[in-house]
Amino acid sequence: MAAKEYPPGEEPFRLTRSAAFVLAYPRGYCDPTIPISLIHYGLQPQRFFRSIHRENPVDVAYNLTVRAALANPKLKDCEWFVFADNDMGLTTPGIKPWLAAEEDVVGIMYELGPNNRTWGRPDAFHAGMWRGRRKVLEAIGPPWFKTILSADGCRIETCCCEWFARKVKTAGYSLGKAGWADHGSNDGHGNKS
Ligand SMILES: [Zn+2]
């Protein structure tokens, strides 16, 4: 396969040009494989952050974390941002395809319980762990994540990740998924079963 051509000023994903944020509500716990793997593959340790927002639902915490990442003056030279739920379990064979993927936004796949089959859909994307280019996140703007409820408010129509995926693609950027992570007993949206 020929190497992808990047526009001027744009580079392939590198953790050395990234900052990482783990959603570590409520007590700051973070699966140790997350910093261990990311730092092993080039993330600078001082660019690893735990984000503890007590706001619910999860899309609010995601939005607050993306906004804080983009606004941090110490991270202005980061071209990329990584975001992860605190219970993602990373392995070398699982993370390597995710590191190598070429899209502007790339999610890693993980156990979704009864909804696991939805990974088979070409447009499936969930935000348990993902990375995105700064310029994409700045271009699409807030809200990055938004859960859409049914008209009567009694059912989740589309998860907040789907909103994000649509927004990225509508703005003309590429979005994909690669690799695999453990996600414990989580259903993929921060709800423990
Ligand atoms: Zn989702």
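Two residues count as being in contact here if their C-beta atoms, placed from the backbone, lie within 7 Å. With that in hand, let's walk through the structure. Residue numbers start from 1 along each chain as its sequence is written. The model is predicted: local features need pLDDT of at least 70, side-chain atom pairs count only at pLDDT 80 or more, and totals for chains, interfaces and linings use all residues.

**Overall build**

The protein has 5 helices and 8 strands, where helices (H or I, at least four residues) and strands (E, at least two) are DSSP runs numbered from the N terminus. Their order from the N terminus is β-α-β-α-β-α-β-β-α-β-β-α-β. The radius of gyration is 16 Å, close to the 16 Å that the globule rule gives for 193 residues, so the protein is as compact as a globular protein of that length. That radius is taken over C-alpha atoms, and the rule is 2.2 Å times the number of residues to the power 0.38. Of the 193 residues, 39% are buried, meaning that 20 or more other C-beta atoms lie within 10 Å of the residue's own, with C-beta atoms placed from the backbone.

**Strand S5**

In strand S5 (residues 129–133), 5 of the 5 residues are buried, so the strand is largely enclosed by the rest of the structure. Met 129, Arg 131 and Arg 133 point one way, while Trp 130 and Gly 132 point the other.

| Strand | Bridges to S5 | Direction | Residue and its partner in S5 |
|---|---|---|---|
| S3 (residues 80–85) | 5 bridges | antiparallel | Val 82 with Arg 131 |

**Helix H2 and Tyr 62**

Helix H2 (residues 58–71) has 14 residues and reaches 20 Å from its first C-alpha to its last. In H2, the buried residues are Val 58, Asp 59, Ala 61, Tyr 62, Thr 65, Val 66 and Ala 69. They cover an arc of only 160° around the axis, which puts them on the same side of H2; the arc is that of the directions from the helix axis to the C-beta atoms. Their cover includes strand S1 (18–23), strand S2 (48–51), S3, helix H4 (134–140) and helix H5 (160–170).

Leaving aside neighbours within four places in sequence, Tyr 62 is in contact with Ala 127, Trp 144, Phe 145 and Cys 160.

Methods: Buried ≥ 20, exposed ≤ 12 C-beta atoms within 10 Å, placed from the backbone. Pairing = 2+ DSSP bridges. Expected span 1.5 Å × (residues − 1).
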